[in-house]
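Welcome! Take a look at the structure below, and then we can walk through some of its features together.

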Amino acid sequence: MVNNLDKVKQKFIEKLGSVNNEEELENLKVEFLGKSGEVTNLLKAIKDIPNDQKKEYGALVNTLKNEIDAELNKYKTLLEEKKLEEELKNTKVVDLTIPLNECTGSLHPITVTQHKLIEIFTSMGFIVEDGNEVETEYNNFEAVNIPKHHPARDMQDTFYLSNGQLLKTHTSAAQNRIMKKYGAPLKVIFPGRCFRNEQLDASHENTFFQCEGMMIDKDISISNLIYFMKQMLSSVFGKELNVRLRPGFFPFVEPGFELDCSCPYCGGKGCNVCKQGGWIELCPCGMIHPEVLKMGGIDINKYQGFAFGLGLSRLTMMNFNIKDIRLLNGGNLKVLSQTKVK
Ligand code: PHE
């Protein structure tokens with residue numbers, strides 16, 4: 001009889017080795033511990049054991065039963081773990097507790113500044129428009145009062161395409177299209193990328209950004225321009241800055257000005273940024289020339305307007321204390337990571 005116990009144990013061990021899943025394990029359990037299972041039969045056989053050996057025999061079968069039970073449980077856990085592992089392998093797990101990689105991207109400093117300008121001007125009722133980067137000669141020059149052979153074209157040499165179009169030299173190239181699209185009254189800003197054939201140095205790039213603005217309405221004067229410029233500056237720099245106008249020539253404004261602001265870094269006392277002058281040249285501007293308004297389909301007997309061309313790249317350099325304009329387009333991650341706005 002005791003031999004039988006060993007045989008059953010051996011048989012169980014062999015069978016357990018070939019179990020592959022929970023269903024097979026369950027079947028094995030029934031086969032050995034079920035109502036008419038192998039171990040149960042051994043227990044039933046106790047009636048054939050001589051009385052003096054019954055106790056010992058019973059104890060042995062019970063031990064075997066417990067051992068088999070324990071083995072089955074152990075194997076069950078093993079199968080469950082394997083199944084989970086398999087599932088994890090086939091599922092994409094997102095662990096929200098893992099710290100974010102420090103190398104995640106961020107907005108370019110120019111974009112950050114542009115977003116800020118958009119926020120400020122839209123809060124004052126301006127709409128935002130876009131301009132083309134590839135423009136017609138008409139939009140870039142003629143429509144802003146720079147006819148062929150005008151010397152002002154020399155200062156804005158650019159890249160011409162074989163079809164006669166060009167890469168726009170200033171955001172003003174969108175003035176005509178926007179005037180025709182909306183008519184008057186109009187309050188609009190239009191940021192964009194501009195191109196010029198430049199000798200490159202720390203303050204000249206072949207690709208740079210401007211943010212132009214126009215306001216056309218009845219009774220518009222330079223005071224309106226000054227008001228909006230001051231609002232914009234105090235929002236960008238977080239403090240009230242003085243502005244001054246110097247005469248400046250642009251064929252599409254009359255009168256035309258260069259708007260300077262008092263240096264936000266030294267308060268006008270003189271420092272490296274303002275080259276000791278206390279003022280920073282920020283933004284050419286002026287009253288839109290009547291010819292330009294006319295070409296844009298605006299009734300000049302009713303309406304006047306101002307326009308300004310903020311140097312977005314320059315404002316960004318001031319805002320982030322970047323000394324060389326070439327760093328802005330260089331794509332150098334060491335630079336960009338320092339201008340990351342969290
Ligand atoms: N378009 C001019 C430039 O790029 C700037 C400007 C815009 C001047 C609007 C006056 C008014 O030089």
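How are helix 5 and helix 10 oriented to each other? Keep that question in mind as you read on; this is a predicted model.

## Helix 5 against helix 10

Two packed helices are described by the angle between their axes and the distance between the axes. For helix 5 and helix 10 (residues 312-320), the angle is about 100 degrees and the axes are 9 Å apart. Angles of 65 to 115 degrees count as roughly perpendicular, and helix 5 and helix 10 are therefore roughly perpendicular to each other.

Which residues meet here? On the helix 5 side they are Pro109, Ile110, Val112, Thr113, Gln114, Lys116 and Leu117, and on the helix 10 side Leu312, Ser313, Leu315, Thr316, Asn319 and Phe320. Sorted by class, this contact of helix 5 with helix 10 holds seven nonpolar, five polar and one charged residues.

## Helix 5 against helix 8

Helix 5 (residues 109-123) also packs with helix 8 (residues 222-237), at an angle of about 135 degrees and with 10 Å between the axes. Helix 5 and helix 8 are therefore oblique to each other, and the crossing of helix 5 past helix 8 is right-handed.

From helix 5, the contact involves Lys116, Leu117, Ile120 and Phe121, while helix 8 supplies Met229, Met232, Ser235 and Val236. The contact of helix 5 with helix 8 is made up of six nonpolar residues, one polar and one charged. If you look back at the contact with helix 10, you will find Lys116 and Leu117 named there as well.

## Two domains

Stepping back to the whole chain, the protein is divided into domain 1, covering 2-89, and domain 2, covering 109-339. How far apart are the C-alpha centres of domain 1 and domain 2? They lie 86 Å from each other.

Is Thr171 buried or exposed? With a relative accessible area of 2%, Thr171 is buried. You can find Thr171 in the loop between strand 3 (166-167) and helix 7 (175-182). Setting aside neighbours within four places in sequence, Thr171 is in contact with Phe190, Pro191, Gly192, Cys194, Gln210 and Glu212.

Asn332 sits in another loop, between helix 11 (326-329) and helix 12 (333-338). Its relative accessible area is 36%, so Asn332 is partly exposed. Asn332 and Ile222 are 110 residues apart along the chain, and 41 Å separates their C-alpha atoms.

## Backbone details

Most residues other than glycine have a negative phi, and most peptide bonds are trans. Some places to look at with that in mind follow.

The peptide bond from Ala184 to Pro185 is cis, with omega near -5 degrees. Pro185 belongs to the loop between helix 7 and strand 4 (186-195). Another cis peptide bond runs from Glu254 to Pro255, where omega is near 0 degrees, and Pro255 lies in strand 7 (residues 253-262).

Turning to phi, Asp219 has a positive value, near 55 degrees, although the residue is not a glycine. Asp219 is placed in the loop between strand 5 (207-217) and helix 8, and at 68% relative accessibility Asp219 counts as exposed. Lys275, also not a glycine, has a positive phi of about 50 degrees. Look for Lys275 in the loop between strand 7 and strand 8 (279-288); with a relative accessible area of 73%, Lys275 is exposed.

Methods:
Residues are numbered from 1 along each chain as its sequence is written. This is a predicted model: local features need pLDDT of at least 70, side-chain atom pairs count only at pLDDT 80 or more; totals for chains, interfaces and linings use all residues. Side-chain values use heavy atoms; hydrogens and water are left out. Axes are lines fitted to C-alpha atoms, for helices over the stretch in contact, and angles run from 0 to 180 degrees between N-to-C directions. Helices (H or I, at least four residues) and strands (E, at least two) are DSSP runs, numbered from the N terminus. Angles under 35 degrees count as roughly parallel, over 145 as roughly antiparallel, 65 to 115 as roughly perpendicular and the rest as oblique. A crossing is left-handed if the near helix is turned anticlockwise from the far one by less than a right angle, and right-handed if clockwise. Contact means heavy atoms within 4.5 Å. Ala, Val, Leu, Ile, Met, Phe, Trp, Tyr, Cys and Pro count as nonpolar, Asp, Glu, Lys and Arg as charged, and the others, Gly among them, as polar. Domain bounds come from an automatic or database domain assignment. Buried means under 20% relative accessible area, exposed over 50%, partly exposed in between (1.4 Å probe, protein chains only).
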